[in-house]
Structures are given as C-alpha cells and as structure tokens.
Amino acid sequence: MKLTFLFLVGAMAARSQVKHLQESVICSICLASFNDPVILIKCGHNFCRSCITQYCTESETSPWYLCPQCREAFREGEFQANRELRNVIEIAKNIPEPRGKKVCEKHEELLKLFCEVDQTLICLVFRESHSNKDHSLLPVEEAALHYKEQIQRHLESLKKERDEILSYKSSGENTSQELLKQLKTEREKIVLEFQELHQFLEEQERLLLAHLEELNKEIEKRRDEYVAKLSEELSSFSSLISEMEQKCQLPASEFLQDNTGLFFRCEREKFQNPVAFSSELKWRIWESSQRNASLETRMKEFTDSLSSRQRLDKANVTLDPDTAHPRLIVSADRRSVRWGVPRQDLPDNPESFDTVSCVLGCEGFTSGRHYWEVEVEVGSGGVCDVGVARESVSRKGGISPNPEQGIWAVMCWEDQYWALTSSGQSIPLSPSQAPCRIRVYLDYERGQVAFFDAGTGDPIVTFPPASFAGERIRPFFLCAVGSVRLL
C-alpha cells in the first residue's frame with residue numbers, strides 16, 4: 001500500500017513538472033510555443049520575435065513601448081535572441097507524457113470508471129457528483145473489454161470487406177487480362193488474314209497483268225500483219241487503177257490495142273479480206289475477262305464474310321413445339337417453356353425428344369454471329385440447360401448435353417453453373433451464384449459458342465472452337481422442374 005502511494009505521488013509530481021515545463025515555453029502574446037524566442041533586456045520577459053515586433057509596430061507609444069507582461073518601458077530593438085530558451089523548447093517538445101495510470105486533474109484520484117454517456121474517464125469522487133448519478137458507468141477494464149469487442153467486430157467486418165474489394169480487384173484485373181488477350185489474338189488473326197489476302201491479290205495482279213501483256217503483244221503482232229497485208233493489196237489495186245486511168249486517156253486507136261491482158265488482170269484482182277484476229281485470240285481475251293470476274297466474285301465473298309463477322313445480330317428466337325418433350329409446356333407465343341405435370345398425351349412426333357425433356361428453337365443458323373438472352377428459373381431439385389445443338393442431334397433415347405453429342409450448353413443446378421465436356425465430365429463454373437439471365441453467343445464461322453451473365457456482361461464459359469461443317473445450328477433448351485423464358 002505504501003509503495004503504491006509513493007508511486008502515485010511520484011507519478012503526480014512528474015506529471016506536474018512536465019506540465020509546468022510545457023507552460024513555461026508558451027508565448028504570452030500568441031499563447032503558443034515560442035517561435036524564435038527573444039528576451040527583453042530590461043525586464044527579462046520572453047516573446048516570439050514576430051509577436052513582439054508586430055506588437056511594437058501596432059503600439060502608439062513609440063519610441064517607448066510597454067512590456068506586454070509587466071508593463072515596464074523599453075525602446076525599440078532592446079531585445080535579443082534567447083538561445084538557451086530555444087534549446088529548452090526543443091527539449092520540452094520531445095518529453096513524452098509520464099506513463100502509468102491516468103489521474104483526475106481536479107481531484108487527483110485514479111480514473112477508475114468510464115461514463116458511457118459522456119464517453120470519458122472519471123474518478124470515484126466525480127461519480128458522486130449530481131451530473132453523473134444517472135449515467136451508465138463501467139469499470140475501466142470492463143469498458144475497455146466491451147469496446148474492444150465492438151471494435152474487433154467492426155475490424156473483422158472491415159477486413160472482410162477489404163478482402164472482398166481485393167477479390168473484386170483481382171477478378172477485374174484477370175478479366176481485363178483475358179479480354180486483352182482475346183483482342184490480341186483477334187488482332188493477330190486479322191493481320192495474318194489481310195497479309196495473306198495482300199499476297200494473294202499481288203500474285204493475282206501479277207498473273208493477270210502478265211497474261212494481259214501477252215495478249216497485248218499478240219494483238220499488236222496480228223494488227224501489224226493485217227495492216228501489212230492490206231497495204232500490199234492497196235498498193236496492187238492502186239497500181240492497177242493508175243494504169244487503167246492512163247489507158248483511158250489514150251486515143252481510140254491506141255486504146256483498143258492490147259486490152260486482153262488488162263481485162264484479165266481486172267478480173268483476177270479481187271480483194272480477199274484477210275483474217276485479222278482469230279477466234280482463238282478472241283476466246284483467250286474472253287477467258288481473261290472471266291478470270292477477272294472470278295477474282296471479283298471471290299473478293300465480294302471475302303468482303304461479305306468480313307462484314308458478316310463484324311456484324312453481331314440479336315436473334316429473335318422462338319421455340320419449336322414439334323421438338324418439345326411431352327412434359328414440356330410451350331407458351332402460346334413460343335417465348336417460354338416450363339416443366340409440366342402430368343405428362344401430356346401427344347402423338348409420337350419424329351422430331352420431338354421422347355426421353356430427355358428438351359426443346360429446340362425454330363431458328364437455325366448456318367453463318368454469321370448471333371446472340372440471344374434467356375431467363376432461367378430452377379425449382380427445388382430442378383435442372384435447366386441452355387445452349388445450342390446441331391440439327392442432327394438425337395431426339396430419341398437418352399442424351400447427354402455435351403459437344404460430343406452435338407450440344408454446347410451450360411447447366412443451372414443448385415445455384416451453380418455447370419458445363420459438360422466431350423468426355424461427359426461436369427465442371428462447375430464461376431460465379432458460384434448463378435444469375436437468372438444468361439446470354440448465349442454463337443459465331444458460326446469460327447465455330448465458337450460462349451455464355452455470359454446478361455446482367456453484368458461477365459463471361460461464364462467459352463467452349464473450344466468446333467467445326468459445324470455447314471450444318472444448321474439451333475437454340476437448345478432442357479427443362480426439368482423449372483422454366484425458361486426468352487427475353
């Protein structure tokens with residue numbers, strides 16, 4: 001008990017000394033710790049240099065001034081730097097508060113209670129005051145434990161939210177990396193395709209121009225031969241005409257002499273038009289034009305294919321009742337299907353599924369890029385699949401919705417996505433909480449089928465590229481104890 005008392009007395013004395021020291025380094029003008037302290041030579045009081053300078057400037061008693069603390073007169077400039085006090089200030093700033101139990105400054109009693117209303121520590125004497133009688137008071141240790149538990153709960157909650165934010169950040173970064181990777185692959189593919197196209201066009205240009213140059217030379221040669229032959233014929237006819245004109249100018253006696261040879265030459269000199277351009281040459285020119293037309297057709301096919309790949313069409317999918325399993329009830333507008341009990345008494349349709357509760361869409365695709373959205377509602381213990389299927393998918397007997405059987409689909413079961421691989425293995429997919437809206441994406445030319453959360457746009461799964469080989473691909477739905485609605 002005596003030791004405790006001595007410890008408390010010592011702690012209180014240390015606290016009092018520290019408080020006295022800290023109060024001694026306060027400027028009486030600005031009421032803050034001295035900044036560049038100076039001492040008045042006459043009275044020995046200390047002030048901040050800036051404070052006493054401003055005080056003198058604003059005073060009306062120049063050239064004499066009164067000390068702000070003792071009112072003793074001094075002249076301007078009668079103060080000097082107090083280096084010792086500056087050192088004391090630095091020391092006072094670095095002195096920590098005395099450690100140990102807190103003591104009430106008013107009653108100098110230990111602070112043993114915590115007031116929950118005022119949120120402050122009080123001593124036993126303070127408890128008896130009228131202002132605290134109705135307040136809820138707790139022992140310091142109990143209050144600290146109580147609030148530590150509250151803070152710990154908040155801390156755990158904040159850490160959980162921080163971890164969730166970090167998870168979202170990591171997921172976002174991973175998604176962005178995957179998207180950038182897809183864009184890089186697509187960019188490389190486009191560059192390669194156009195490089196191949198440039199090479200093909202340059203080769204075709206070289207071949208066609210070489211062929212046209214060959215035809216050009218052939219035409220010029222035939223033209224020169226034709227013109228030469230016509231020039232020869234023209235010279236012969238011109239010579240005969242000139243001779244006959246001269247004959248006609250002769251007197252009658254001379255004109256009638258030696259006409260037999262002239263008449264014979266006139267009868268023999270009949271113009272035979274030579275063949276300038278053979279049918280074979282004309283055929284070669286026509287053939288060249290057809291090769292150019294074929295190139296134009298191929299270019300149009302390429303540009304049409306490119307345009308088709310760039311265009312993404314939202315398909316207006318409806319359900320085909322002729323393919324529906326007897327337990328499936330298709331709505332009148334063919335936009336929704338649900339599991340029905342009991343089994344409907346329907347005729348055996350060759351196109352309908354007879355064992356697994358499936359139905360196909362009316363629409364089929366043999367080209368282009370398309371997507372559609374569905375809303376899935378799975379009942380207790382139910383299963384719903386959405387995706388695409390080949391036209392030739394088996395309609396009779398048991399089937400498994402996997403690519404090996406011509407079906408690319410995701411299964412929604414127990415609030416989880418699942419995908420069936422070609423080996424028939426079920427793979428759970430993220431996110432763990434399955435959304436009710438799913439977007440189905442089909443790129444026919446690339447043989448790609450992918451699924452997305454229609455609400456957030458997040459990818460669910462993308463199947464490896466497949467070869468559709470020109471076969472018609474149709475929307476596919478499986479519904480057991482649940483419903484599917486097209487949006």
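This is a predicted model: local features need pLDDT of at least 70, side-chain atom pairs count only at pLDDT 80 or more; totals for chains, interfaces and linings use all residues.
Q: How do you know which parts of the protein chain the predictor trusts least and most?
A: Go by the mean pLDDT of each element: helix H1 (residues 2–24) is lowest at 49, and strand E12 (residues 358–360) is highest at 94. For the protein chain as a whole the mean is 78, with 74% of residues at 70 or more. Over residues 1–13 pLDDT stays under 50, and the model has 2 contacts there beyond four places in sequence.

Q: What makes up the protein chain, in helices and strands?
A: There are 8 helices and 20 strands. The chain has 487 residues, and 28% of them are buried. Among contacts with a separation of 6 or more, 60% link residues 24 or more positions apart.

Q: Why is Glu373 called buried?
A: Its relative accessibility is 7%, and the cut-off for buried is under 20%, so Glu373 qualifies. You'll find Glu373 in strand E13.

Q: What makes the pairing of Glu373 and Arg437 a polar contact?
A: Their side chains come to 3.3 Å, and the limit is 3.5 Å, so the pair counts. Glu373 also has a side-chain polar contact with Arg439, at 2.7 Å, and that one passes by the same cut-off.

Q: Which residues does Glu373 touch, leaving out those up to four places away in sequence?
A: Arg437, Ile438, Arg439, Ala454, Arg485, Leu486 and Leu487.

Q: Which members of the largest nonpolar core touch the most other members?
A: Out of 34 residues, they are Trp372, Val374, Val386, Ile438, Phe451 and Phe477. Strands E13 (369–390), E14 (407–413), E15 (416–420), E17 (437–443), E18 (448–453), E19 (459–462) and E20 (473–486) each put in at least two residues. E13 gives the most, with 6.

Q: What does Phe477 touch, not counting residues up to four places away in sequence?
A: The list includes Val317, Leu319, Cys358, Val359, Trp372, Val374, Val386, Val484 and Leu486. Ser357, Gly361 and Asp385 are on it too.

Q: Why is E18 described as largely enclosed?
A: Because 5 of its 6 residues are buried, the rest of the structure largely encloses E18.

Q: How do you know that E17 and E18 are paired?
A: They are joined by 6 bridges and run antiparallel; pairing takes at least two bridges, so the two strands meet the criterion. One place to look is Arg439, which stands opposite Phe452 in E18. The two strands form a hairpin with 4 residues between them, and Gly447 in the turn has a positive phi of about 65°.

Q: What makes E18 and E19 a pair as well?
A: Here there are 3 bridges, again in an antiparallel arrangement, and with at least two needed, E18 and E19 count as paired. Ala450 stands opposite Thr462 in E19. This hairpin has 5 residues between its strands, and Gly457 in the turn shows a positive phi of about 85°.

Q: What makes E2 and E5 the edges of their sheet?
A: Strand E2 (46–48) and strand E5 (79–81) each pair on one side only, in an open sheet of 3 strands ordered E2-E1-E5 with antiparallel pairing. Neighbouring strands there are turned by 35° against each other on average, direction ignored. Strand E1 (residues 37–40) pairs with E2 over 3 bridges, and Val38 stands opposite Phe47 in E2. Helix H2 (residues 49–58) packs on this sheet, touching E1, E2 and E5, with its direction at about 90° to that of E2.

Conventions. Residues are numbered from 1 along each chain as its sequence is written. Side-chain values use heavy atoms; hydrogens and water are left out. A nonpolar core is a set of buried Ala, Val, Leu, Ile, Met, Phe, Trp, Tyr and Cys residues joined through side-chain atoms within 4.5 Å. Buried means under 20% relative accessible area, exposed over 50%, partly exposed in between (1.4 Å probe, protein chains only). Contact means heavy atoms within 4.5 Å. pLDDT is the predictor's confidence in each residue, from 0 to 100. A polar contact is a pair of N or O atoms within 3.5 Å; within protein, one must be able to donate a hydrogen and the other to accept it, and residues adjacent in sequence count only if both atoms are side-chain atoms. Axes are lines fitted to C-alpha atoms, for helices over the stretch in contact, and angles run from 0 to 180 degrees between N-to-C directions.
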